[in-house]
Amino acid sequence: MKAPLHDQLTMAELVARWPSAGPVLAGRGMACVGCSMARFETVAEAATAYGFRAEELLGDVQRATQHRSRRSSS
Amino acid sequence: MVRPEAGILAGVPLFRGLDADALEVVARDARLVRAAAGRTFFREGEPARFFYVVRLGQVKFTQISAEGHEVIHRVIGPGEPFGGVAALSEKAAYPVTARALDPSEAHAWDGPKVTALMHRYPTIAINAARMVADRLHELQRQHHQLMTERVERRIARALLRLADHAGRRVEGGVEIDFPLSRQDLAQMTGTTLFTVSRTLSGWQEAGLISTARRKVVIRQPHRLVRIAEDLLA
């Protein structure tokens, strides 16, 4: 069985593929954007370190991405 | 002229140990200063002219922080002293703003009056010296702690920079993929071998890093980042 997304994806990959993640992370007080450890830490590991649930974090990123694409297509 | 109850003055650290006659002389030299609710006795940065003891009401002390916020330090009431820097120094400025929360009154002595009282009652001068010594001791302790934190931050930042450049994911963490001696780190961070050794040993014991065969593995990246970037989270 494939590992869940938050275990596969590093924080750096998350921000690179979903640019909306940047403001979401900053809003939660996470220093991941530009952090030297971002390319090594998975979303799960970083979320745990900051005391958040990875699923919630990814959910926020998904919503922020959808909101952004809705705005730009209107 | 209102005479402060000698009892109030006996409780003020600067006047500790004075007998009733001496306290009466000290009391006689005071002037009474009033401040309506919301008005200030003095503002941060103003030349410190008077030493005060609250007679009535409540006084709040605030200071503008490095980030530009007004920080409330404390609130005091009757019998408590403030503006002590005026009693201890000739050319100091008040480090805080003193604002009356309700209609307040305070007894005040200007610097020259306090100096004259010190000449007359050396106990006052001895009390002042002890208060300054205690304060200095506390500041030295805080300064030492701050300097230690600064050095740790430099070492943490150096490790993270190295990991950014030459890091690889391994079992248990992120390895800096070349041999790194404590001496190397000491030179990179402008500290001594002793300081680096002490710091790394502490981090190793706390599980942040491990050092085996001269390769540093960052085992808890976030904790190291928290030190390096002085994060709150």
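Student: Which residues does A100(B) touch, not counting residues up to four places away in sequence?
Tutor: The residues touched by A100(B) are A35(B), A36(B), A37(B), G38(B), R39(B), G57(B) and V59(B). "Touching" means being in contact: the C-beta atoms, placed from the backbone, lie within 7 Å. Before we go on, this is a predicted model, where local features need pLDDT of at least 70, side-chain atom pairs count only at pLDDT 80 or more, and totals for chains, interfaces and linings use all residues. Residues are numbered from 1 along each chain as its sequence is written, while chains are lettered from A and ligands numbered from 1 in the order in which they are written.

Student: Why does A100(B) count as buried?
Tutor: A residue is buried if 20 or more other C-beta atoms, placed from the backbone, lie within 10 Å of its own; it is exposed at 12 or fewer and partly exposed in between. A100(B) has 22 C-beta neighbours inside 10 Å, so it counts as buried. A100(B) sits in strand β7 (residues 97–100) of chain B. Its C-alpha atom is 9.4 Å from that of V75(B), 25 residues away along the chain.

Student: How much of chain B counts as buried?
Tutor: Of its 233 residues, 30% do. Chain B has 8 helices and 12 strands. Both are DSSP runs numbered from the N terminus: helices are H or I with at least four residues, strands are E with at least two.

Student: What makes β4(B) and β5(B) a pair?
Tutor: Two strands pair if DSSP finds at least two bridges between them. Strand β4 (residues 59–64) of chain B is joined to β5(B) by 6 bridges, so the two pair, and they run antiparallel. One of the bridge partners is T62(B) with I72(B) in β5(B). The two strands form a hairpin with 5 residues between them, and G68(B) in the turn has a positive phi of about 90°.

Student: Why is β5(B) called hardly covered?
Tutor: Count the buried residues: among the 7 residues of β5(B) (70–76), the number is 0. β3(B), on the other hand, is mostly covered, with 6 of its 7 residues buried.

Student: What sheet has the order β1-β8-β3-β6?
Tutor: That's an open sheet of 4 strands in chain B with antiparallel pairing. β1 (31–35) and β6 (81–82) of chain B stand at its edges; each has a single partner strand, so one side of each has no neighbour in the sheet. Helix α4 (residues 111–120) of chain B packs on this sheet, touching β3 and β8 (104–110), and its direction makes about 65° with that of β8(B). Such angles run from 0 to 180 degrees between N-to-C directions, with axes fitted to C-alpha atoms, for helices over the stretch in contact.

Student: What span would be expected for α5(B) at 1.5 Å a residue?
Tutor: The expected span is 1.5 Å times one less than the number of residues. For the 45 residues of α5(B) (122–166) that gives 66 Å, and the helix reaches 66 Å from its first C-alpha to its last. Its buried residues include I124(B), N127(B), I155(B) and L159(B). α5(B) lies across β9, β10 and β12 of chain B, at about 85° to β10(B).

Student: What is the order of the open sheet with β9, β10, β12 and β11 of chain B?
Tutor: The order is β9-β10-β12-β11, with antiparallel pairing. β10 (residues 173–176) and β12 (residues 215–218) of chain B are joined by 2 bridges, with E175(B) opposite V217(B).

Student: How many residues of chain A are in contact with chain B?
Tutor: 9 residues of chain A contact 13 residues of chain B.

Student: What is the mean pLDDT of chain B?
Tutor: pLDDT is the predictor's confidence in each residue, from 0 to 100. The mean for chain B is 93, and 98% of its residues reach 70 or more. The model scores ipTM 0.87 and pTM 0.69.

Methods: Contact = placed C-beta atoms within 7 Å.
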